[in-house]
Amino acid sequence: MVYRDDYFIRHSISVSAVIVRAWITHKYSGRDWNVKWEENLLHAVAKNYTLLQTIPPFERPFKDHQVCLEWNMGYIWNLRANRIPQCPLENDVVALLGFPYASSGENTGIVKKFPRFRNRELEATRRQRMDYPVFTVSLWLYLLHYCKANLCGILYFVDSNEMYGTPSVFLTEEGYLHIQMHLVKGEDLAVKTKFIIPLKEWFRLDISFNGGQIVVTTSIGQDLKSYHNQTISFREDFHYNDTAGYFIIGGSRYVAGIEGFFGPLKYYRLRSLHPAQIFNPLREKQLAEQIKLYYERCAEVQEIVSAYASAAKHGGERQEACHLHNSYLDLQRRYGRPSMCRAFPWEKELKDKHPSLFQALLEMDLLTVPRNQNESVSEIGGKIFEKAVKRLSSVDGLHQISSIVPFLMDSSCCGYHKASYYLAVFYETGLNVPRDQLQGMLYSLVGGQGSERLSSMNLGYKHYQGIDNYPLDWELSYAYYSNIATKTPLDQHTLQGDQAYVETIRLKDDEILKVQTKEDGDVFMWLKHEATRGNAAAQQRLAQMLFWGQQGVAKNPEAAIEWYAKGALETEDPALIYDYAIVLFKGLHQAVNGLGWYYHKFKKNYAKAAKYWLKAEEMGNPDASYNLGVLHLDGIFPGVPGRNQTLAGEYFHKAAQGGHMEGTLWCSLYYITGNLETFPRDPEKAVVWAKHVAEKNGYLGHVIRKGLNAYLEGSWHEALLYYVLAAETGIEVSQTNLAHICEERPDLARRYLGVNCVWRYYNFSVFQIDAPSFAYLKMGDLYYYGHQNQSQDLELSVQMYAQAALDGDSQGFFNLALLIEEGTIIPHHILDFLEIDSTLHSNNISILQELYERCWSHSNEESFSPCSLAWLYLHLRLLWGAILHSALIYFLGTFLLSILIAWTVQYFQSVSASDPPPRPSQASPDTATSTASPAVTPAADASDQDQPTVTNNPEPRG
């Protein structure tokens, strides 16, 4: 606190405020003098404190240590001595939420965790205020209903001991705010506001803490008109440590959340602000306004439907019912009072405003209307939806979408939110309607708030990937996925509902498509015939198909149990006996591992239960691992005192690795909270684990199965519809299957979809964890050639092919080799990715050899494959090149030597030809010689040489 940092004093104490406390206690009367000062202060007769002025760290003097440094260390210190280090750019404002969150009123919510400040000054201030909290919370809310239980979660802090901390804000069933704080002395204190908060109206809730004073303000609308304000003061000291736990927005396993929507949420960690000082505008204004307009319209629709249901309950009939003829009406007309048609009290303006609703109500069978008015609205919405889906499933169903949309809107308003999901997909993909992202978001959020499974998965997927104008937010994605993941194990054990087993069936796999069947299909009939004859394997397979709804067979647990029982009792097959026992345990008691479960549930003999579960766990049974984790979590494991969450987490993790759903859910919870050292906080991993469980939901499997059946029957329109619905939830197999359909029928995709189907869904699929290699190859081709509005991108093409190669696809290696052949340079990080040492393979020929060899080794063909032929062709080219290289050198050498010899000969000939010729012999003087013809050269023609020589010499005279 006195000197500045230097070489010896590396971190001087940074103090922003010094408090000197003084107090007077009673004279010592046998008390323990070792009591802590905090406890002594509580019993003081008089006490006071004062603030001391502190010197900022960089205004303090250096201390003269009288020690000499080595010359190198002294030189380094002198370079840094007079520099004031810059603090990290950081403030105390945290935006916990920026995009609307649809809270369904269930036990799931958003988990946020605050780190410690990196700035030393801010972190010191935070620590000093642990017993004097100064902070502000500002959030937007749109409530649909008040709490149906005692309390519903809005925003609350959970500490490391899984207890509520400061602050904890809840909603009561009367509409008041319940604000709870944790005191320094270890107790909890709560207060309830004097005012209730509004329903079906966007409002901002601001709560500021300043020591023992709390100010609560609600402001309505965009202009923030003050609605209510209340100041609450306490004398107790609150304990506040916002890093020793995590915050939850909405519901959790401790309390259900509110029913409505959360808007932007800002948290000021070190400041107590007046509402006018808070900057937290309602973002996504258009979306927020659409939410408000939707519920205003739906209020009218529900009022109309309620009146209709009430009229039906009291015998009201539509006008056409007066003219029906049957024996009952004939008797009533003869002996009863004359019947009169009651006109519904709806004005023409209202009828013109909701024509589709009135049309649907007039066509509805009154005898099927439920008598419970609370359930009637939702059930009528379901009937409207069923009629709309029936029209969609017709041959020209996609062509009728624009006329079906109003009926789906009415169904959605009635609370039947399968219709909300259909509308969200139609608008987001432009499925024969104008593409409208805003309306797509609206109906997706409405469906998520209504706890529609596919809508929640759609929201979770969009926030997980950050696509379609949804912000990337893993905590928000986890909130949606965990909601459906929690329901998935329960749904699987439910004997009702439109569910089917989620199977990974690809439309490219002809072998798997051949074994798909129905109750009247050849495969099913053959299995049933063999099972009737006593074939144990056929009985087991038939029971599995019926129990889970596999291979196109409708889910029928009752029939499955009959086949399990038949096989177990008649054939006494061990596998069937075990399966039958498991089915009985799961169906009746939601438990597994018979003996362990028996001793745990009925005998309460935890020692024997643990004994049997440990044996089963050693054999690799994931159910046993999960049950052992539950024993540790509940603190009843024999020989282990108290709860041990660390050991419980280890067993849950082992169960999750074996595919256990509940174990996976516990692991995802540990990853999102980060409260266990063995599970460091990792929101992305938490989303992945929750997504894995959610995608096994039977309601999603039913949609996928309907799409597959339509494809097998050749109903392309219906297959496109259901695969679009499944693909938008983010499940990979449906995305690749939809892209395959769009490749097979591009005319269908262009006509009905407002998105680039092939590009969109192959692109989505390659970002999945379990993406197939052919999807990477497709995206590589699309990047290589360019697709519609997408330009060519060789770098991304190389990355896609490399990923396919890494997955063991020979085509990936082959395509990379072809790119090198065309002159493309493979980056070094791609080679490292493929574990190809660039130092050993320094040229393209060496890399080509390696790629073709790997292509050949990963090829499934026993005979010659394109990879082997390419490898052979490459080596033939190399060999031929070597041969040509050596022959060329020989030819050039021979040619040059021939030229040299010819030149030499020519040279000597020219030299010899340049010498003077020998003179002829001298004639006698009296002889006159005449050379009328030129002399003949040595190179004269032979014909000329053969002729006699003619001379002009005269004969001698006599």
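## Charge and nonpolar patches on the surface

D131, E187, D188, E236 and D237 come together on the surface as a patch of negative charge. A patch here takes residues with over 30% relative accessible area and no salt bridge, joining like charges within 9 Å and nonpolar side chains (Val, Leu, Ile, Met, Phe, Trp, Tyr) within 5 Å. Asp and Glu count as negative and Lys and Arg as positive, while His and the chain ends are not counted. The place of each charge is taken as CG of Asp, CD of Glu, NZ of Lys or CZ of Arg. Do keep in mind that this is a predicted model, in which local features need pLDDT of at least 70, side-chain atom pairs count only at pLDDT 80 or more, and totals for chains, interfaces and linings use all residues. Residues are numbered from 1 along each chain as its sequence is written, and side-chain values use heavy atoms, with hydrogens and water left out.

To find D131 in the viewer, look in the loop between helix 3 (120-128) and strand 6 (134-145). Helices (H or I, at least four residues) and strands (E, at least two) are DSSP runs, numbered from the N terminus. D131 has a relative accessible area of 38%, so it is partly exposed; buried means under 20%, exposed over 50%, and partly exposed in between (1.4 Å probe, protein chains only).

There is a nonpolar patch on the surface too, formed by L897, L900, I901, W903, V905, Y907 and F908, with about 770 Å² of accessible area together. Accessible areas come from the Shrake-Rupley method with a 1.4 Å probe, and for residues only the protein chains shown count as cover. I901 sits in helix 35 (residues 866-914). With a relative accessible area of 49%, I901 is partly exposed.

## Aromatic pairs

The structure holds 38 aromatic pairs. Rings of Phe, Tyr and Trp (its six-membered ring) pair if their centres lie within 6.5 Å; planes under 30 degrees apart count as stacked, over 60 as edge-to-face and the rest as tilted. Y156 and F170 make a stacked pair because their ring centres are 5.3 Å apart and their planes meet at 25 degrees. This pair links distant parts of the chain, with Y156 in strand 7 (residues 151-159) and F170 in strand 8 (residues 164-172), 14 residues apart. Y156 is buried, at a relative accessible area of 0%, and F170 is buried as well, at 1%.

F170 has another ring partner in Y164: that pair is edge-to-face, 5.3 Å centre to centre with 70 degrees between the planes. Y164 is partly exposed, with a relative accessible area of 24%. Elsewhere, ring pairs link F114, F135, F157, F209, F234, F238, Y240, F247 and Y267 into a cluster.

## Salt bridges

A salt bridge is a side-chain nitrogen of Lys or Arg within 4 Å of a carboxyl oxygen of Asp or Glu, and by this rule the count comes to 28. One of them joins E123 and R126, whose closest N and O atoms are 2.7 Å apart. Both residues lie in helix 3, three residues apart, which is about one turn of the helix. E123 and R126 are both buried.

E503 and R705 also meet through their side chains, at 2.8 Å from N to O. E503 is buried at 15% relative accessibility, and R705 is buried at 8%.

For R745 and D747, the salt bridge spans 3.1 Å from N to O. R745 is partly exposed at 24% relative accessibility, and D747 is partly exposed at 39%. Salt bridges that share partners join E123, R126, R127, D242 and R269 into one network.

## Contacts across the sequence

A288 belongs to helix 4 (residues 285-313) and is buried, with 3% relative accessibility. A288 and W202 are 86 residues apart in sequence, yet their C-alpha atoms are 8.0 Å apart in space.

E379 is part of helix 8 (residues 373-392). Its relative accessible area is 35%, so E379 is partly exposed. E379 and G415 are 36 residues apart in sequence and 8.7 Å apart from C-alpha to C-alpha.
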